[in-house]
Amino acid sequence: MSQNNLKASEVHPDFIFTEFDRLMHLDINDLLQGREHFEDTYCPACHRRDTPKAFTYQQLDYRRCQGCGLLYISPAPSEEQHLEFVRYSRAMAFWRQSQPEEMKAARKPMYEERAAFTLETFRTFNITAQSVLEVGAGNGEFAEELAARRPNMNIVLLEPQELDLQASGIEIITGGFDALERAERKFDAVIAWELIEHILEPDNLLRLVRGALKPGAPLLLSTPNERSVETRKLKTESSNILFDHVRLYNPVAIQELLARNGFRIISLSTPGQLDVQRIKAYRNVNPEAFADDPALNLILDSPKSCDDYQIFLQTHQLSSHMRVIAIADGEWNGSPTPRM
Ligand SMILES: [Zn+2]
């Protein structure tokens with residue numbers, strides 16, 4: 001693949017997307033080769049057993065818990081298969097190498113906002129955060145933003161992929177969750193952006209996070225909110241419905257999951273700003289999906305009502321992303337997800 005050796009600045013962004021999709025298709029096919037080892041489970045969030053099949057998408061079956069409403073892929077790849085996928089994905093490696101500077105620049109405001117939100121959370125809840133652990137740090141962009149704002153903060157990243165970060169103050173643990181357990185470290189906060197939706201056994205993750213938190217220290221997490229107007233309207237066209245989003249939470253499901261694992265939620269919000277924009281973009285391409293929805297069309301047709309509608313979605317926890325802040329001051333009653 002000579003094209004892979006081109007410098008990012010010489011490559012058209014359309015090529016990046018096309019090539020990423022092609023490689024991801026190969027990755028997914030490899031993953032599906034191991035499907036006899038996939039595991040079919042009851043609800044990973046609330047452990048109830050009333051979990052009928054909802055639909056099949058991209059050769060993967062989805063179940064919907066009738067208790068907490070969790071939508072999840074089942075049968076799903078095992079933890080080992082999933083970790084292997086993340087480690088050896090050609091698409092993800094290509095993305096890391098080839099992402100043009102302009103795409104990185106376009107994502108920078110997102111990480112800036114997350115860093116500002118994190119520091120605001122520490123202020124609001126009076127947390128002196130000298131050491132912070134980020135789990136699932138991706139390319140480390142958030143950590144770099146945080147380090148730029150708090151040069152004295154000890155920021156530790158746990159990431160299965162090798163990372164090449166130059167910023168000072170950032171320490172990297174390369175490995176899976178077992179590496180975190182072995183490290184036996186305690187932090188003033190643990191942060192997990194867009195991670196828990198990828199995790200097959202969330203109780204195990206939360207057990208390890210508990211072990212890494214000093215008493216009273218918070219866990220900050222974000223995850224897609226499946227109980228959102230955008231996701232329900234766009235269905236499988238929503239970016240939330242993705243082969244490696246194996247568990248799609250909603251405010252009830254995440255609350256039940258955290259409570260079983262001894263976490264108390266002190267803040268849950270859906271601060272997304274792009275739902276209405278995405279619904280409108282979807283309507284431009286798929287007007288037929290809105291033919292039987294004249295009321296929604298009325299809202300979307302006016303810029304002012306669109307702005308107000310976005311605020312309404314945020315206010316009523318109907319935006320497509322959740323942010324949760326939780327303290328682990330209860331008992332841990334976690335256990336593996338019940339198998340079928
Ligand atoms: Zn459930």
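Me: How many bridges join strand β8 to β11 in this predicted model?
Reply: This is a predicted model: local features need pLDDT of at least 70, side-chain atom pairs count only at pLDDT 80 or more, and totals for chains, interfaces and linings use all residues. Residues are numbered from 1 along each chain as its sequence is written. Strands (E, at least two residues) and helices (H or I, at least four) are DSSP runs, numbered from the N terminus, and two strands pair if DSSP finds at least two bridges between them. Strand β8 (residues 218-224) runs antiparallel to β11, and the bridges joining them number 7.

Me: Which residue of β11 is the bridge partner of L220?
Reply: Bridge partners can be named along β11. For L220, the partner in β11 is I325.

Me: Which residue of β11 is the bridge partner of I265?
Reply: Strand β10 (residues 264-269) also pairs with β11, antiparallel, over 5 bridges. The partner of I265 in β11 is A326.

Me: Is strand β11 largely enclosed or left open by the rest of the structure?
Reply: A residue is buried if 20 or more other C-beta atoms, placed from the backbone, lie within 10 Å of its own; 12 or fewer make it exposed, and in between it is partly exposed. In β11 (residues 321-327), 5 of the 7 residues are buried, so the strand is largely enclosed.

Me: Which strands stand at the edges of the open sheet of 7 strands?
Reply: Pairing in this sheet is mixed, and the order is β6-β5-β4-β7-β8-β11-β10. Each edge strand has a single partner, so one side of each lacks a neighbour in the sheet; the edges are β6 (170-174) and β10.

Me: What angle does the direction of helix α9 make with that of β11?
Reply: Axes are lines fitted to C-alpha atoms, for helices over the stretch in contact, and angles run from 0 to 180 degrees between N-to-C directions. Contact means C-beta atoms, placed from the backbone, within 7 Å. Helix α9 (residues 251-260) packs on the sheet and touches β8, β10 and β11; its angle with β11 is about 25 degrees.

Me: Which residue in β9 does Y72 stand opposite?
Reply: A second topic is the open sheet of 4 strands, antiparallel, ordered β1-β2-β3-β9. Strand β3 (residues 71-73) joins β9 through 2 bridges. Opposite Y72 stands R247.

Me: Over which residues is the pLDDT below 50?
Reply: pLDDT is the predictor's confidence in each residue, from 0 to 100. The protein averages 91, and 96% of the residues score at least 70. One stretch falls below 50, with 8 contacts beyond near neighbours in sequence: residues 1-9.

Methods
Two residues are in contact if their C-beta atoms, placed from the backbone, lie within 7 Å.
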